[in-house]
Amino acid sequence: MILYLTMPVPPAPRPRVTRRGISFYPKVYRDFKTVAKEALALQWTGEPLSKPLSLEILVLQKKPKSRIRKATANQRLPRANTRGDLDNLLKSILDVMEDAQIYTNDNIIYAIKIEGWFAAEDEKPVTTIKLHL
């Protein structure tokens, strides 16, 4: 089964805490989780998975202006040395998948392969999630 997220995936932030001790996530992250949950829920029609599974994730993001060069405009570039590590992007994706009722808990995942790339000029940014049961 292959799922797609066509919106940019932000790295999972640390929860903020008010002076009164109330913790919350920033609005940008909450909005992403709401929209992504709806997008994944439309693609997933079955019951939540409870058997072991592995994931293969490809995060293809828009190339920042500082990385656009004439020589490499039509090439994918590795998403290295950038703000928002892959593990934080992974946390965002796993949280949304659990919220969308794709699986019951992320403790059933036994293997994850994730790659992060900046898209070439002719590619659209997309996150592809392959579920291997």
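Which residues in α1 meet which residues in α2? Y29, F32, K33, A36, K37 and L40 in α1 meet S92, D95, V96, M97 and D99 in α2. To meet here is to be in contact, with heavy atoms within 4.5 Å. By class, this contact has 6 nonpolar, 1 polar and 4 charged residues.

This is a predicted model, where local features need pLDDT of at least 70, side-chain atom pairs count only at pLDDT 80 or more, and totals for chains, interfaces and linings use all residues. Residues are numbered from 1 along each chain as its sequence is written, and side-chain values use heavy atoms, without hydrogens and water.

**The helix pair**

| Item | Value |
|---|---|
| Helix α1 | residues 27-43 |
| Helix α2 | residues 86-99 |
| Angle of α1 and α2 | about 55 degrees |
| Distance between the axes of α1 and α2 | 9 Å |

That angle makes α1 oblique to α2. Angles under 35 degrees count as roughly parallel, over 145 as roughly antiparallel, 65 to 115 as roughly perpendicular and the rest as oblique.

**The whole protein**

The protein has 2 helices and 7 strands. Helices (H or I, at least four residues) and strands (E, at least two) are DSSP runs, numbered from the N terminus. Along the sequence the pattern is β-β-β-α-β-β-α-β-β. The C-alpha trace spans about 45 × 45 × 25 Å along its principal axes.

**One residue**

S54 is found in strand β4, residues 53-61. S54 is buried, with a relative accessible area of 11%. Buried means under 20% relative accessible area, exposed over 50%, partly exposed in between (1.4 Å probe, protein chains only). Leaving aside neighbours within four places in sequence, S54 is in contact with Y110, A111, K130, L131 and H132. Of the 133 residues of the protein, 35% count as buried.

Note on methods: Axes are lines fitted to C-alpha atoms, for helices over the stretch in contact, and angles run from 0 to 180 degrees between N-to-C directions. Ala, Val, Leu, Ile, Met, Phe, Trp, Tyr, Cys and Pro count as nonpolar, Asp, Glu, Lys and Arg as charged, and the others, Gly among them, as polar.
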